[in-house]
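Subject: Structure handover

Hello,

Here is the structure I promised to pass on. Please open it first, then read my notes below.

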Amino acid sequence: MEKIVKFYNSLTRQKEEILPENKEFIKMYSCGPTVYSYPHIGNFRAYLFMDNIRRTLKYCGYKLEGVMNITDVGHLTSDADEGEDKMVVASQREHKSPWEIAKFYTDIFMRDAKRLNIDLPEHIVPATSVIKEMINFVQGLIDKGFAYVTSKGVYFEIAKFKNYGRLSGMNIEEKLAGARIEVDDEKRSPYDFVLWVKAPKEHIMQWDSPWGKGYPGWHIECSVIGDKYFGDSIDIHTGGIDHKPVHHENEIAQSDAYYGKQVVKHWMHLEFLQIDSGKMGKSLGNTYTLDDLEKQGFAPEVFRYFYFMAHYSKQQNFTKDAMEGAKNSLKSLKNLVREHEKGVAKVDTAKYEKEFVEAIADDLNMPNALAVVIKMLKEERSKDVYNAFNKFNQVLGFKIEEEIPDEIKELAKERWQEKKNKNFAKADEIRNLILEKGYEVKDTREGFEINKI
Ligand code: AMP
Ligand code: ZN
């Protein structure tokens, strides 16, 4: 399915057609998680957004290469250069090394992303795996005259970069006029930001560099990881709205200064998930994880459905009622799909496909796309509808297959045991019983698998 895809570009402030540099091949960068605590559903709204873009582009005929960083060093408790490294704070809190912290929370992030059926990028890159590349990039910025060294570290000099503030529409001159007195008098401007931090001896994460032992600032990792995979041109860059005024301004400054050209063409930002109409965040302590949702009776997929109920550019309000609504809607959607599987009516689904694609290609209008799906499912029961749904489901990412009931799983285990004990007749008997109940058990190299027939 070929279709013109238009997404809102935060940089130009208008919807623009996606026209990748390499024709049908899209280079997409997404800001990834800071792995210092449990990822919450606000974070996962950001990764469902990434998933939504990836699946939509693929559906519309594009090839795609995605890159996402994992921040395991350098993200201070403020997004600017203040506070302590979040990884170090977590390591003190949990009496583990920052490396153990990073591994633990990265694994949880990956596990939960899988539970949400998120289509993850092809490359997932921890910041600590590109320290050498970061040092080279920072040296490059010094050589090109965009960065300077102080007793505390290496800083980017924003006065040298004329477009600073363009993304978030800030007027840096006005901001400078009203700036508070800077505590660090070695910095040439209060808005100069750190690229490399010289670490005190006792700092737990540090590496050798031309500027002494230290660690990278937070922003540099995204410029460097983007550069490593895509060089001087990235088609789409995604992230949460909170990244726009600091992290992404700094990323643009670093990358564009380094290459002397605009590196990222299309910036896309996701608005925040609110909780009971208020702000949610790890630092506020009012966050829910996927495990918390499961305890309240909401499977991860219900949160996926909930994501589709609002446009990404609007704040979305998380409430128990809204989640109940999503849960019921998802259940009836699945029931209808299963009914269509056995349907015999003839339905022309082309008009639905046209409307569905129009919705997703119009800046990811998922509420409209979902409405089209629901309208189609109200048709007379038809295998055509079932087939069309499965096509749309490449974008929606729901699991339609029924869970295998416990009873069947138990029978399959019994059969396996009988087989191991060489009671083949008994094993076959159980296999037939399973068949009668509508399931098929097959032996695999690791054991067995059960499928609905
Ligand atoms: P962090 O792990 O804190 O670096 O955040 C990971 C991603 O989650 C970033 O893209 C943030 O913008 C995003 N994020 C954090 N809180 C929320 C929220 N409440 N709603 C939506 N996105 C969020
Ligand atoms: Zn980033």
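L364 is buried, with a relative accessible area of 1%. That value is under the 20% cut-off, so L364 falls in the buried class. Keep in mind that this is a predicted model. L364 sits in the loop between α11 (350–361) and α12 (366–377). Its phi is near 55°, a positive value in a residue other than glycine. Most residues other than glycine have a negative phi.

S277 also has a positive phi, near 70°, and is not a glycine either. The loop that holds S277 runs between β12 (273–275) and β13 (278–279). Is S277 buried or exposed? Its relative accessible area is 53%, which is over 50%, so S277 counts as exposed.

Overall layout

The protein chain has 453 residues, and 51% of them count as buried. Its secondary structure comes to 15 helices and 16 strands. The C-alpha trace spans about 80 × 55 × 40 Å along its principal axes.

The domain assignment gives domain 1 (6–270), domain 2 (275–396) and domain 3 (406–452). How far apart are the centres of domain 1 and domain 3? Taken over C-alpha atoms, the separation is 51 Å.

Ligand 1

Which residues are closest to ligand 1? They are T34, G42, N43, D242 and L273, out of 16 residues that surround the ligand. By class, this shell has seven nonpolar, seven polar and two charged residues. Helix α1 (residues 41–59) gives the most to the shell, with four residues.

A backbone N or O atom of L273 lies 2.8 Å from a nitrogen atom of ligand 1. From T34, a polar side-chain atom lies 2.9 Å from an oxygen atom of the ligand. For G240, a backbone N or O atom lies 3.3 Å from an oxygen atom of the ligand. The protein covers 94% of the 490 Å² of accessible area that ligand 1 has on its own.

H269 and its partners

H269 lies in strand β11 (residues 264–270). Its relative accessible area is 6%, so H269 is buried. Which side chains does the side chain of H269 contact? One is S10, joined to H269 by a polar contact of 2.8 Å. Another is H248, where the polar contact between the side chains is 2.8 Å.

Cysteines

C60 is in the loop between α1 and β4 (63–70). Its relative accessibility is 2%, so C60 counts as buried.

How many disulfides does the model have? The count comes to zero. The cut-off behind that count is a pair of cysteine sulfur atoms within 2.5 Å.

Two long spans

H75 is found in the loop between β4 and α2 (86–94). At 6% relative accessibility, H75 counts as buried, because buried means under 20%. The C-alpha atoms of H75 and Y352 are separated by 45 Å. Along the chain, these residues are 277 residues apart.

K375 belongs to helix α12. Buried or partly exposed? K375 has a relative accessible area of 42%, so it is partly exposed: the value lies between 20% and 50%. The C-alpha atoms of K375 and K409 are separated by 36 Å, and the two residues are 34 apart along the chain.

To recap

The ligand shell holds 16 residues, with helix α1 as the element that gives the most to it. H269 is buried and has side-chain polar contacts with S10 and H248. Positive phi values occur at L364 and S277, where L364 is buried and S277 is exposed.

Best regards

How values were computed:
Residues are numbered from 1 along each chain as its sequence is written. Chains are lettered from A and ligands numbered from 1 in the order in which they are written. Side-chain values use heavy atoms; hydrogens and water are left out. Buried means under 20% relative accessible area, exposed over 50%, partly exposed in between (1.4 Å probe, protein chains only). Domain bounds come from an automatic or database domain assignment. A residue is near a molecule or strand if one of its heavy atoms lies within 4 Å of it. A polar contact is a pair of N or O atoms within 3.5 Å; within protein, one must be able to donate a hydrogen and the other to accept it, and residues adjacent in sequence count only if both atoms are side-chain atoms. Accessible areas come from the Shrake-Rupley method with a 1.4 Å probe; for residues, only the protein chains shown count as cover. Helices (H or I, at least four residues) and strands (E, at least two) are DSSP runs, numbered from the N terminus. Ala, Val, Leu, Ile, Met, Phe, Trp, Tyr, Cys and Pro count as nonpolar, Asp, Glu, Lys and Arg as charged, and the others, Gly among them, as polar.
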